[in-house]
Amino acid sequence: MILDLDIGNTLSKWRLKDADSSEIRSRGAVWTREEWRPGADIPDLDVVEAVRISSVARAAVLDETVGLLRRRVRHVHVARSTAEALGVVNGYAEPGRLGVDRWLGALAGYQLAGGCCAVDCGSAITIDFVLPGGQHLGGFIVPGLRLMKESLKLGTRNVAIDPESEADELLEPGRRTVDAVNHGIYMAAVSAINRIYSEVCDQEGVALPMLLTGGDARVISRGVQVPHAVWPDMVYGGLEARFPLTLAERAGKMAGAPRVPDPVSLEKIRAGLAFSMLL
Ligand SMILES: Nc1ncnc2c1ncn2[C@@H]1O[C@H](COP(=O)(O)OP(=O)(O)OP(=O)(O)O)[C@@H](O)[C@H]1O
Ligand SMILES: CC(C)(CO)[C@@H](O)C(=O)NCCC(=O)O
Ligand SMILES: [K+]
């Protein structure tokens with residue numbers, strides 16, 4: 001079995017992948033913390049022959065995790081943001097400073113779709129751009145839905161947006177605090193994504209396919225007008241591309257990759273942008 005780990009600021013997600021069949025056998029998530037105690041909430045390491053890790057947690061968390069894993073597992077691969085990989089050129093002046101989850105998302109998106117706009121809706125919402133030739137432009141970092149809500153300190157933090165909510169309801173004016181807050185932050189997130197996408201496609205003169213991932217991807221997807229696909233395993237896809245282990249991975253296949261969405265024409269994107277400026 002291969003253990004893939006995506007250590008975020010809030011949640012550490014894991015999945016077990018069968019090295020022979022390339023099938024995903026199980027998955028889970030635990031709160032990100034300094035100490036890992038094998039138990040009910042993390043998989044049995046005895047069946048694991050290789051681990052691949054993406055981590056944006058503090059260095060101590062990664063060190064502790066890698067230390068524990070190296071004692072039990074033969075191959076431990078830790079992803080790093082580099083100046084170039086798999087045809088993608090990192091847009092950061094200091095490439096190592098780009099969050100590795102963003103880097104892996106950009107690599108996965110490029111491998112799947114060529115140029116892309118990769119959006120990760122987690123603790124932060126990150127919006128990264130890769131041009132068809134592989135140049136990563138850099139991106140945008142916005143507080144995620146939960147962080148925006150907590151920062152308001154209006155006592156509504158424990159009332160989350162129902163992930164099944166329809167975008168139409170969330171875009172109405174709220175008539176009590178919790179709805180005003182939830183609808184406000186939802187509008188902030190989706191309008192930032194729509195606008196940033198249009199601005200950058202306009203600047204670069206190219207309509208890019210958009211890919212969405214992260215804990216809030218599904219609900220945010222409903223408010224994003226740009227054609228896009230949701231790919232819950234996008235960061236894992238970057239790990240597969242960067243450290244291919246199975247036959248399918250060596251052939252360039254990433255588990256759960258969606259069909260590439262057809263972007264609308266650049267003319268339409270520009271018309272939308274011009275319209276929003278007139279209002
Ligand atoms: N069980 C859950 N616990 C915490 N957050 C959840 C849960 N389910 C959904 N979410 C939502 O998912 C978001 C967290 O996103 P995600 O799971 O992608 O990773 P993260 O570890 O918080 O973030 P990042 O990887 O960016 O550091 C939160 O904003 C929250 O609204
Ligand atoms: C922005 C987050 C928190 C998103 O998970 C992560 O990618 C990170 O810690 N990045 C480092 C800063 C940067 O990417 O510029
Ligand atoms: K993330």
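In the predicted model, G99 occupies the loop that runs between strand 7 (88–89) and helix 2 (100–113). With 21 other C-beta atoms within 10 Å, G99 is buried, since a count of 20 or more places a residue in that class. Its C-alpha atom lies 8.4 Å from that of S55, although G99 and S55 are 44 residues apart in sequence. When neighbours within four places in sequence are left aside, the contacts of G99 are with V56 and T126.

G99 is also one of the positions that UniProt, in an unreviewed entry, lists under "binding site", together with Y92, V100, D101, R102 and T177. These positions span 86 residues in sequence, and because the farthest two of their C-alpha atoms are 39.6 Å apart, they do not all gather at one spot. Y92 is placed, like G99, in the loop between strand 7 and helix 2. Y92 has 16 C-beta neighbours inside 10 Å and therefore counts as partly exposed, and its contacts, apart from residues up to four places away in sequence, are R97, L98 and G138. T177, by contrast, belongs to helix 5, where 13 C-beta neighbours inside 10 Å make it partly exposed. Beyond its neighbours within four places in sequence, T177 is in contact with L154 and T156.

A further "binding site" feature in the unreviewed UniProt entry comprises D6, I7, G8, N9, T10, L11, S12, K13 and S123. Although these residues span 118 residues in sequence, no two of their C-alpha atoms are more than 13.2 Å apart, so they gather at one spot. Within this group, N9 is found in the loop between strand 1 (2–7) and strand 2 (11–17), and its 17 C-beta neighbours inside 10 Å mean that it counts as partly exposed. The contacts of N9, leaving aside neighbours within four places in sequence, are T32, V56, A57 and S123; S123 is itself listed by UniProt for this feature, and V56 is in contact with G99 as well. S12, in turn, lies in strand 2 and is buried, with 23 C-beta neighbours inside 10 Å. Not counting residues up to four places away in sequence, S12 touches L5, I7, A29, V30 and T32.

The packing of helix 5 (residues 177–204) was examined against two other helices. Helix 3 (residues 145–152) packs against helix 5 at an angle of about 130 degrees, with the two axes 10 Å apart, and the pair is therefore oblique. The crossing of helix 3 past helix 5 is right-handed. On the side of helix 3 the contact is made by L145, M148, K149 and L152, which meet V181, I185, A188 and A189 of helix 5. By class, the residues of this contact are seven nonpolar, no polar and one charged.

Helix 5 also meets helix 9 (residues 266–278), and here the axes come within 9 Å and cross at roughly 120 degrees. Helix 5 and helix 9 are therefore likewise oblique to each other, but the crossing of helix 5 past helix 9 is left-handed. The contact joins S198, E199, C201 and D202 of helix 5 to L266, I269, R270, G272 and L273 of helix 9, and its residues divide into four nonpolar, two polar and three charged.

Two backbone positions are also noted for their phi angles. Most residues other than glycine have a negative phi. S22, however, has a phi near 65 degrees, a positive value in a residue other than glycine. S22 is situated in the loop between strand 2 and strand 3 (24–31), and with 17 other C-beta atoms within 10 Å it is partly exposed. K153 likewise has a positive phi, near 50 degrees, and is a residue other than glycine. K153 falls in the loop between helix 3 and helix 4 (167–170). With 8 C-beta neighbours inside 10 Å, K153 counts as exposed, the limit for that class being 12 or fewer.

Terms used
Residues are numbered from 1 along each chain as its sequence is written. Chains are lettered from A and ligands numbered from 1 in the order in which they are written. This is a predicted model: local features need pLDDT of at least 70, side-chain atom pairs count only at pLDDT 80 or more; totals for chains, interfaces and linings use all residues. UniProt positions are given in the numbering used here, feature names are shortened, and annotations may be inferred rather than shown by experiment. Helices (H or I, at least four residues) and strands (E, at least two) are DSSP runs, numbered from the N terminus. Two residues are in contact if their C-beta atoms, placed from the backbone, lie within 7 Å. Axes are lines fitted to C-alpha atoms, for helices over the stretch in contact, and angles run from 0 to 180 degrees between N-to-C directions. Angles under 35 degrees count as roughly parallel, over 145 as roughly antiparallel, 65 to 115 as roughly perpendicular and the rest as oblique. A crossing is left-handed if the near helix is turned anticlockwise from the far one by less than a right angle, and right-handed if clockwise. Ala, Val, Leu, Ile, Met, Phe, Trp, Tyr, Cys and Pro count as nonpolar, Asp, Glu, Lys and Arg as charged, and the others, Gly among them, as polar.
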